[in-house]
Every structure is written in structure tokens, then in C-alpha cells.
Amino acid sequence: MMFLSEELFQELIPDVTNFDYSWDIVCDPEKSEKVGKALENLVVSHTDIGLDTFEDKVDSYGYMDVAYGVMQVISWFIFLFGVINLINTTLSNQYSRRQENSVLRSIGLAPKQLAQMTVWEGMGYVVSSILLMLAIGLPITLLVWRKFSISAYAGRILPYEFPWLQMGVYVVVLVTVELILSVWTIRRQKKQSLIEQMRSME
């Protein structure tokens, strides 16, 4: 919201023809209740004017802080859900492929090759989840931003800024978690291979 003179507004934005006018009323604190009631009576008798008190503005800013906090909590839940979903998908896939990995090792797949396959599959999950997030989340975000911008800034669409820092942190966390899971899976596969070799020697 900008507060300028009508002449300056017409010079800066000549297409605007509808203007709102506002007055800041400052009174003696001892007379604030009396002045407030007089202004409320004036507003009631005129439908084209409104009254915002200082207390109302403070409350509105408090509501904005609450709304921002709620959105932050929701974004953290989505972040945690993405990480947990990646862990669940990786572990479920590795568990379901134990027999397949044993068959591959029995026909000559080297442990190094199996480790590389595990790491590349894990990175495939990460890349797939990032691409899916961008393919679904970015259009929704742009649509919501467009609607919010139009309603909040009188039809003007403000430029959207991609949250590079937050998304960078998210990608780094996904890659780190997947690498840890891959290392854990590779060690478990080596341990399982040693157990199978000991059983075959018996």
C-alpha cells in the first residue's frame, strides 16, 4: 500500500482513476474514547467510509504473524514427510529386492557393482522426487501466488521469487539421507554375503 498525493500518483501511474483517501486522526489520550465514539457514529451514517483504529491494526498484524507461523509449520511438515517418504521407499525397495540381489551375486555380480547399483538407484529416487516436486508443486505455487497477488495488490501481479535457499537445503538433506541409506544398505549386503558364504562352506 502506498500513500502519495493524487497528483504524484497520476504522474507515476496515469491509468489509475479510482483513489482512496485516508486521514490519520491523533487526539488527546484522555479524549480518545469520546473521539472514537464520535467517529464510529460518523461511519455508521456514511456507507462509503470506514474506520481503522490503532488497536485494529495491531490485531491484524498479529493475525498475519499467526498465519505466517501456520504456513511455516505446514512447510516443515511437508519437508519431514518428503524425507520420511524417501527413507520408506528406499528401505522397502531394498527389502523387496534381497532375493534378486542374492541371485545377481550368485551369477557373478561383483560387490562393487552391486554397491554402485544401490547408490545410483538411490540417487534416481532423489532426482525423481525433485522433478516430481517441481512438476507438481511449482505450477500450484505460481497459481496461488498469482491469486494472492491479484487480491492483495489491486490486480497487479508481482514477480515470483523462487526460494533457492530453502529448496537447496531440502535437496542437500535428501541427497545426504539417501547416501547414508545407500552406505547402510551396502554394509548390510556385505554382511549378508559373508553369512551366505559361511553357510555354503559348512
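This is a predicted model: local features need pLDDT of at least 70, side-chain atom pairs count only at pLDDT 80 or more; totals for chains, interfaces and linings use all residues.
Residues are numbered from 1 along each chain as its sequence is written, and side-chain values use heavy atoms, with hydrogens and water left out.

**Overall make-up**

The protein chain has 6 helices and 0 strands. Helices (H or I, at least four residues) and strands (E, at least two) are DSSP runs, numbered from the N terminus. Of the chain's 202 residues, 16% count as buried. Buried means under 20% relative accessible area, exposed means over 50%, and partly exposed lies in between (1.4 Å probe, protein chains only). The chain exposes about 16500 Å², and carbon and sulfur atoms supply 65% of that area. Such areas come from the Shrake-Rupley method with a 1.4 Å probe; for residues, only the protein chains shown count as cover.

A contact means heavy atoms within 4.5 Å. Among contacts in the chain with a separation of 6 or more, 64% are between residues 24 or more positions apart.

**The nonpolar core**

A nonpolar core is a set of buried Ala, Val, Leu, Ile, Met, Phe, Trp, Tyr and Cys residues joined through side-chain atoms within 4.5 Å. The largest one has 11 residues, including Phe 79, Met 123, Tyr 170 and Leu 181. Helices α3, α5 and α6 (164-201) each give two or more residues to this core, and α6 supplies the largest share, 5 residues. In soluble globular proteins, nonpolar side chains tend to be buried together.

**Aromatic pairs**

Rings of Phe, Tyr and Trp (its six-membered ring) pair if their centres lie within 6.5 Å; planes under 30 degrees apart count as stacked, over 60 as edge-to-face and the rest as tilted. By this rule there are 4 aromatic pairs. In one of them, the ring centres of Trp 76 and Phe 79 are 5.5 Å apart and the planes stand at 75 degrees, so this pair is edge-to-face. Trp 76 and Phe 79 are separated by about one helical turn, because they are 3 residues apart in helix α3 (residues 54-96). Ring pairs link Trp 76, Phe 79 and Tyr 170 into a cluster. Leaving aside neighbours within four places in sequence, Phe 79 is in contact with Tyr 170 and Val 173.

| Residue | Relative accessible area | Class |
|---|---|---|
| Trp 76 | 53% | exposed |
| Phe 79 | 16% | buried |
| Thr 118 | 5% | buried |
| Ser 182 | 2% | buried |

Thr 118 lies in helix α5 (residues 111-152), and Ser 182 lies in helix α6. Not counting residues up to four places away in sequence, Thr 118 touches Gln 94, Ser 182, Thr 185, Ile 186 and Gln 189.

On a 1 Å grid over the protein atoms alone, a pocket is an open set of points with protein on both sides within 12 Å along at least five of seven lines; lining residues have an atom within 4 Å of a point. Grid points are joined across faces, edges and corners, and a volume is the space filled by probe spheres set on the points.

The second largest pocket holds about 1800 Å³ of space. It is lined by 36 residues, of which Ser 75, Ile 78, Thr 141, Pro 163 and Met 167 are the closest to its centre. Helices α3, α5 and α6 each supply at least two residues of this lining. The largest share, 14 residues, comes from α5.

Note on methods:
On a 1 Å grid over the protein atoms alone, a cavity is a set of points where a 1.4 Å probe fits but cannot get out, and a pocket is an open set with protein on both sides within 12 Å along at least five of seven lines; lining residues have an atom within 4 Å of a point.
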